[in-house]
Amino acid sequence: MLLTLARQSLWHRRGTVLMTLLSLTISIALLLGIDHLRLEAKRSFTSTVSGTDLIVGARSGQLNLLLYSVFRLGNATNNISYQHYQQLASHPQVAWAIPMALGDSHRGFRVIGTNGDYFRYFRYGQQQQLAFAQGQAFAGVYQVVLGAAVAEKLGYQLGAQIILSHGVGAVSFTQHKDQPFSVVGILAPTGTPVDQSVHVSLESIEAIHLGWQGGTPRLGKTPKLSEEQLKKLQPKVLTAFMLGLKSKVATFAIQRQINEFKAEPLTAILPGAALAELWQMLAMVENMLLLVTLLVLIAALIGMVTTLLAAMKERQREMAILRAVGARPWQLFWLIELEVLCISLGSMVSAILLLCAGLAAARPVLSSQYGLVISWLPWHNHSAILLAAFMTLALLLGAIPSYLTYRQSLAQGLQVRL
Amino acid sequence: MKNSYLVLSKRLSLAFMAVVALLNPALSHAEEQHGAHQHGKASLTFVLDGNEAELVLNTAAANIVGFEHQPGNAAEQQQQQQQLDMLKSGAWFSLAAAANCNISGQDFRQEQGSEKDHVDLYVNFQILCQAPLKLSDISFTLFSQSPALERITVQYLVNGEAGVAELSAEVSVLKFSQ
């Protein structure tokens, strides 16, 4: 009975109610959206490094090393020698090692020089191994394995010929034109930066830079290398490598040994600890963002109360008539509260729908531009608590016009004013 | 910020050393690296995997003993001995009782730093836990036992979760997110 009244009364004032609903919708979507993006970005980053115990690179800050080696963000400070990689990879506590040579690209996607161990040992998410959607790992020079997003975006199939470029920009003026690569494998999607990567062997990296001096190609054409020359190729430098250890308890001991490695200044980081440090640094920004969103939400709620208060004047007669036909004052109180409930519930539902649609639309861009794979469902364990808190706040603020209605309903309404 | 200055100055000094090394072939093998030796600060790592755990503290001796020079008199001698014994005994941290952990082994090392009069201490505890999943925190009393110590930077890896923390006299409990 009250509900029908509330609904019809709202429908009668649909213009202002719709605007209120819209502003609440936007602010709830903002709150849930920021919370969702924050958590999903963390999950996405964490799952990328889940299987790696240590990452080793030239001496630098741990965040820098983590970002360029795993997330392909930023650039390495220095290279490290292949010989030292081999030395550390044969450490008795090391179960596996994946070398990485970065610095080249293909149409904006980063190229990683590595070896077969990458496909064998790299783990992401819940200890998942890389899988091939088509083809297999590279077996020699001038062969390339593409990440899922690279193949999809550039429309490559097995057997396609591609040219790598020097440097990591989307447009490069130095291309390794004379040495085309053929696609021999395409990886299944992983939801990690692996999807955005182009994988070749370390020897291939060596081959395309053969004869280069100080980062510039030698004059004239570099012909495709002969079989003889290909066999002689030996990787000399790496950008970084990942280590898997036999026992996790040894992690810090190995890290210390690598950090104190005498022959070359190296830095070893625990990817999880480096990420934790990153979140700590971002925590303040996150909190500010949440605070701003919260304030926007409160502003929207106050806007709702204002509209309800403004409506009170024009509804005085309505209320008085309701009282005259037998409605009790507390019923009028709940009538207004029910209207508040309807508006907030409506805006919650439309906010979630809006957010789902927005996320679904933004997903392809986020995954191809930032390597972030975000779920389109903005729901977490604490989302219910957030929404319940919003509801309580809405009803509390809604109590102001409700109470005023309750007080004034009869006394003033039936007076005839001129 | 401080760290980046450190890295920068380290890089500059490395570059300087490289130049010196180039100019003087006899020096080219005298490569030397300087760890961070900071008074007031210590670093700690803790790892727990399965039943096994390891806790390592690395600190300038001055943080624990109060001074780094050779003890000059009997009182200093006694103070040094007392503080080092306390450090070695492991009576400066306690793991959450519910995890039922015991120290099963210990290592202690004293290292002369690259500059004279700087001594670094390493102490390493091997620990066995009966209920490792219940290890929710470690509390430290070291700050009251060694007043010269102000901060401990912590890196931990507990049941697969890695994290970083900073401890001080005010925040002396290391909590693990479970």
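This is a predicted model: local features need pLDDT of at least 70, side-chain atom pairs count only at pLDDT 80 or more; totals for chains, interfaces and linings use all residues.

User: Which secondary structure does chain B have?

Analyst: Helices (H or I, at least four residues) and strands (E, at least two) are DSSP runs, numbered from the N terminus. Chain B has four helices and nine strands. Their order from the N terminus is α-β-β-α-α-β-β-β-β-α-β-β-β.

User: How many strands are in the sheet that contains E4 and E5 of chain B, and what is their order?

Analyst: Two strands pair if DSSP finds at least two bridges between them. Six strands of chain B form an open sheet with mixed pairing, in the order E4-E5-E2-E1-E7-E8. Its edge strands are E4 and E8 (161–168), each pairing on one side only. For the angles quoted here, axes are lines fitted to C-alpha atoms, for helices over the stretch in contact, and angles run from 0 to 180 degrees between N-to-C directions. With direction ignored, neighbouring strands of this sheet are turned by 15° against each other on average.

User: Which pairings does E5(B) make?

Analyst: In a regular strand the side chains alternate between the two faces of the sheet. E5(B) (residues 119–129) is joined to E2(B) (residues 52–60) by nine bridges, and the two run antiparallel. In E5(B), Phe125(B) is the residue opposite Leu55(B). E4(B) (residues 101–112) also pairs with E5(B) in the antiparallel sense, over 11 bridges; here Arg109(B) stands opposite Tyr122(B).

User: What is the order of the open sheet of three strands in chain B?

Analyst: The order is E3-E6-E9, with antiparallel pairing. E3 (93–95) and E9 (173–175) of chain B are at the edges with a single partner strand each, so one side of each has no neighbour in the sheet. E6(B) (residues 137–140) and E9(B) run antiparallel and are joined by three bridges, and Asp137(B) stands opposite Lys175(B) in E9(B).

User: Is Glu76(B) buried, partly exposed or exposed?

Analyst: A residue is buried if 20 or more other C-beta atoms lie within 10 Å of its own, exposed if 12 or fewer, and partly exposed in between; C-beta atoms are placed from the backbone. Glu76(B) counts as partly exposed because it has 15 C-beta neighbours inside 10 Å. Glu76(B) belongs to helix H3 (residues 74–89) of chain B. For the whole chain, 25% of the 178 residues of chain B count as buried.

User: How do H2(A) and H10(A) pack?

Analyst: Two packed helices are described by the angle between their axes and the distance between the axes. H2(A) (residues 14–48) and H10(A) pack at about 170°, with axes 9 Å apart. They are therefore roughly antiparallel, a class for angles over 145 degrees. Their contact holds 15 nonpolar, eight polar and three charged residues. Ala, Val, Leu, Ile, Met, Phe, Trp, Tyr, Cys and Pro count as nonpolar, Asp, Glu, Lys and Arg as charged, and the others, Gly among them, as polar.

User: How many residues does each chain give to the contact of A with B?

Analyst: Two residues are in contact if their C-beta atoms, placed from the backbone, lie within 7 Å. Chain A gives 14 residues and chain B 18 residues. On the side of chain A, H9 (251–259) and H10 (271–314) each supply at least two residues, and H10(A) has the largest share, five residues. H10(A) lies across E7 (151–158) and E8 of chain B, at about 55° to E8(B).

User: Which residues have the most contacts inside the largest nonpolar core?

Analyst: A nonpolar core is a set of buried Ala, Val, Leu, Ile, Met, Phe, Trp, Tyr and Cys residues joined through C-beta atoms within 7 Å. The largest has 103 residues, and those with the most contacts inside it include Ile55(A), Ile269(A) and Phe46(B). A second, separate core of 27 residues includes Leu21(A) and Leu301(A).

Technical notes:
Residues are numbered from 1 along each chain as its sequence is written. Chains are lettered from A and ligands numbered from 1 in the order in which they are written. Angles under 35 degrees count as roughly parallel, over 145 as roughly antiparallel, 65 to 115 as roughly perpendicular and the rest as oblique.
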